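I opened my notebook to look through this structure, charges and contacts to begin with.

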Amino acid sequence: MFCNDHRESKEMLVQINGLQSEVMEVLLTFLYTAKTTIDQGNVQMLLEAANLFQIDLLRRNCTAFMEKQLDPCNCLGMKHFADAHGLEKLSVDAEKMILEKFMEVMNHDEFKLMPRDVIVDVIKGDDLEVNDEILVYRAVKNWIDHDRKSRSKDVAELMSHVRFPLIHPTKFCTEVEADELLQTSMTLVPILAETRKYHILGK
């Protein structure tokens, strides 16, 4: 930017947008000393800045820090962030934790705040580990109930990924069939009917 024939090379002041002064200070310190302090408060902004300025070592350091912080309470957000910034290993590790620790993940507030597409990707996976399929239904219901006004339109798409025949018949009758929101979806009517047939015939 400064050595070639760009406009900035002729100006006394260069405005860098989208970057906080604290992050720029950390970047400059790192460029001159190869030392920096990475914490939960600045890691995402630092990684974005490292991508912007193509500072590979800082990018690797930030990624390594985030991998160590991976936890059921934040793995959904980590996966979303990793995919947005091309962090393949972090994405894979986060996805593995989501699938293996889903019964913990679904109880954290982060789950309720995730976009619909993220929730769909999680619940439709064949590798999702749960002790009881009713937990998947409850997770979806809790996600919808968190913002029922705007999310009720997604009930058919989300619930169609729940394996209703795997839910115990008693729980299916008392929870699923009693759910008024499901009864209003014409898409789910044949799915619920097929489940009843499965429970009665055993196949």
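Below are my entries on salt bridges, loop residues and surface patches.

**Entry 1: salt bridges.** I reminded myself that this is a predicted model. Side chains of opposite charge can pair when their charged atoms come close. I looked up the total, and the structure holds 16 salt bridges.

I started with Arg138, which forms a salt bridge with Glu175, their closest N and O atoms being 2.5 Å apart. This pair links distant parts of the chain, with Arg138 in helix H9 (residues 134-146) and Glu175 in helix H12, 37 residues apart. Arg138 is partly exposed at 30% relative accessibility, and Glu175 is partly exposed at 24%.

Next came Lys141 and Asp179, a salt bridge with the closest N and O atoms 3.5 Å apart. Lys141 lies in helix H9 and Asp179 in the loop between H12 and helix H13 (180-183), so the pair ties together parts 38 residues apart in sequence. Is Asp179 buried or exposed? I found Asp179 buried, because its relative accessible area is 7% and the cut-off is under 20%. Lys141 is partly exposed, at 26%.

I also noted a network in which salt bridges that share partners join Arg116, Asp117, Lys153, Asp154 and Glu157.

Lys124 and Asp121 form another salt bridge, with 3.8 Å between the closest N and O atoms. Lys124 is partly exposed at 42%, and so is Asp121 at 49%.

**Entry 2: residues in loops.** Asp154 sits in the loop between helix H10 (148-151) and helix H11 (155-159). Asp154 counts as buried, at 6% relative accessibility. A polar contact of 3.2 Å joins the side chains of Asp154 and Arg116.

What does the side chain of Asn74 reach? I found the backbone oxygen of Gln69, at 3.0 Å. Asn74 belongs to the loop between helix H3 (56-69) and helix H4 (75-84), and counts as buried at 19%.

Val162 is in the loop between H11 and helix H12 (169-176), buried at 5% relative accessibility. Val162 and Val140 are 22 residues apart in sequence, with 8.7 Å from C-alpha to C-alpha.

**Entry 3: surface patches.** Glu95, Glu100, Asp127 and Glu129 gather in a surface patch of negative charge. Glu100 is in helix H5 (residues 88-100) and is partly exposed at 39%.

Ile16 lies in the segment before helix H1 (21-33), and is partly exposed at 33%.

Note on methods: Residues are numbered from 1 along each chain as its sequence is written. This is a predicted model: local features need pLDDT of at least 70, side-chain atom pairs count only at pLDDT 80 or more; totals for chains, interfaces and linings use all residues. Side-chain values use heavy atoms; hydrogens and water are left out. Patches are made of residues with over 30% relative accessible area and no salt bridge: like charges are joined within 9 Å, nonpolar side chains (Val, Leu, Ile, Met, Phe, Trp, Tyr) within 5 Å. Accessible areas come from the Shrake-Rupley method with a 1.4 Å probe; for residues, only the protein chains shown count as cover. A salt bridge is a side-chain nitrogen of Lys or Arg within 4 Å of a carboxyl oxygen of Asp or Glu. Lys and Arg count as positive and Asp and Glu as negative; His and the chain ends are not counted. The place of a charge is taken as NZ of Lys, CZ of Arg, CG of Asp or CD of Glu. Helices (H or I, at least four residues) and strands (E, at least two) are DSSP runs, numbered from the N terminus. Buried means under 20% relative accessible area, exposed over 50%, partly exposed in between (1.4 Å probe, protein chains only). A polar contact is a pair of N or O atoms within 3.5 Å; within protein, one must be able to donate a hydrogen and the other to accept it, and residues adjacent in sequence count only if both atoms are side-chain atoms.
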